[in-house]
Amino acid sequence: MKNILFIFFLLFLLSLSACKDDPVTPPLNSIPDSTSHNFIWEIDTIGYFQSFATSVWATDFNNIWLFGLFYSTPDFSQGSNIAHWDGHSWTFFESIWEYSLNDCVGFDSTDIWAVGGYAAGARICHWNGSTWTINKFPEYDYLYSIWGTNKNSLYAVGLNGLIIHYDGLEWEEMNSGTSANLVKIWGTSESDIYAVGGIESQGIGVLLHYDGNRWRKLYERTTQSGIPSGFTTAIWGPNDSDYYYLSCGSGSFRGKDTIWEVINPPTDNTYIYEIVGVSHMNIFMIGYFGLSIHWNGKSWYRFEEFYRKPNGDILQGAWVSQDKLIIVGSSEGNKAIIYKGKMIY
């Protein structure tokens, strides 16, 4: 009889332990549907007067690549377009400072690309893990932006409707269908790519889409209230059915192709340079006067500690991971500036 009671007691204990919450997997209703607006920031500046940063790529805070133009002497006689932070100090690549670099894309620490140029044509630079290769293209106009799915399929856009594609061997020009300047390119796959820009002095904006076969012009028009129009500075999307889009004068939008809805981040009519993100719950917009805005899936938040209108830093490029953010630009003191933010839940 004692043995039977002991067996029943053991079964009772086992049933209790089976009913306990899984200590590893949280209940579904405890999984957050938004990210935090709380960040701890570090700020650094590099270069002498008139230095600036336009874009950044990183693997973490101890491996940061910075692009732009950085003067290393006060008389502007020496400088660099590329700087690297290894967690302890900045290293400059002094041999390539006669032009500026505007945008970058990286696939890993041994495969990074940057584009730019000056009056003599386009420049495309590549890092292979040990050296930078500088490719000069006098036949192409100035390049503003680069994006790609891998090192064997890259797209770059620039002045006068220029779009070029790299297939792993050579760059070849594509037919964009526009002569307007293209300042940003972004996509989610080889069959879903957008390019935006326009003619800023005339208030004309353009939106192009590539489906894997050809570029199609969705619109090219002057600023019109309530619809995507006017000069466009940035586009980004987490997937092929949802994009965020910034048009100077007509506002900010969310959608795809020709179907867009107005969104209202707290920009205070400030010029916005860039949108970056990792998901619907973690998106950033940056621009003039130190403007930095975060969407966490539920609400917009402007980092007021950086926003100083009509003065303030000009923020142009950003890199983001799940819990880290690097923003770069030009400081009030005309030096390249780097904000490093760590998300705190």
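Why does aspartate 313 count as buried? Point 3 of this note takes up that question.

1. The model discussed here is predicted, so that local features need pLDDT of at least 70 and side-chain atom pairs count only at pLDDT 80 or more, while totals for chains, interfaces and linings use all residues. Residues are numbered from 1 along each chain as its sequence is written, and side-chain values use heavy atoms, with hydrogens and water left out.

2. Among the contacts (heavy atoms within 4.5 Å) with a separation of 6 or more, 46% are between residues 24 or more positions apart.

3. Aspartate 313 sits in the loop between β25 (300-302) and β26 (314-320), and it counts as buried because its relative accessibility is 5%. Leaving aside residues up to four places away in sequence, aspartate 313 touches several others, including Gly287, Phe289, Arg308, Ser330 and Tyr339. With tyrosine 339 there is also a side-chain to side-chain polar contact of 2.4 Å; such a contact is a pair of N or O atoms within 3.5 Å, and within protein one must be able to donate a hydrogen and the other to accept it, while residues adjacent in sequence count only if both atoms are side-chain atoms.

4. Strands β27 (residues 324-330) and β28 (residues 336-343) run antiparallel and are joined by seven bridges, and two strands pair if DSSP finds at least two bridges between them.

5. These strands belong to an open sheet of four, in the order β1-β28-β27-β26, with antiparallel pairing. Because β1 and β26 stand at the edges with a single partner strand each, one side of each is left without a neighbour in the sheet.

6. Threonine 35 lies in the loop between α1 (2-19) and β1 (39-46) and is buried, with a relative accessible area of 10%. A polar atom of the threonine 35 side chain lies 2.3 Å from the backbone oxygen of methionine 281. Threonine 35 and isoleucine 344 are 309 residues apart in sequence, yet their C-alpha atoms are 9.3 Å apart in space.

Terms used. Helices (H or I, at least four residues) and strands (E, at least two) are DSSP runs, numbered from the N terminus. Buried means under 20% relative accessible area, exposed over 50%, partly exposed in between (1.4 Å probe, protein chains only).
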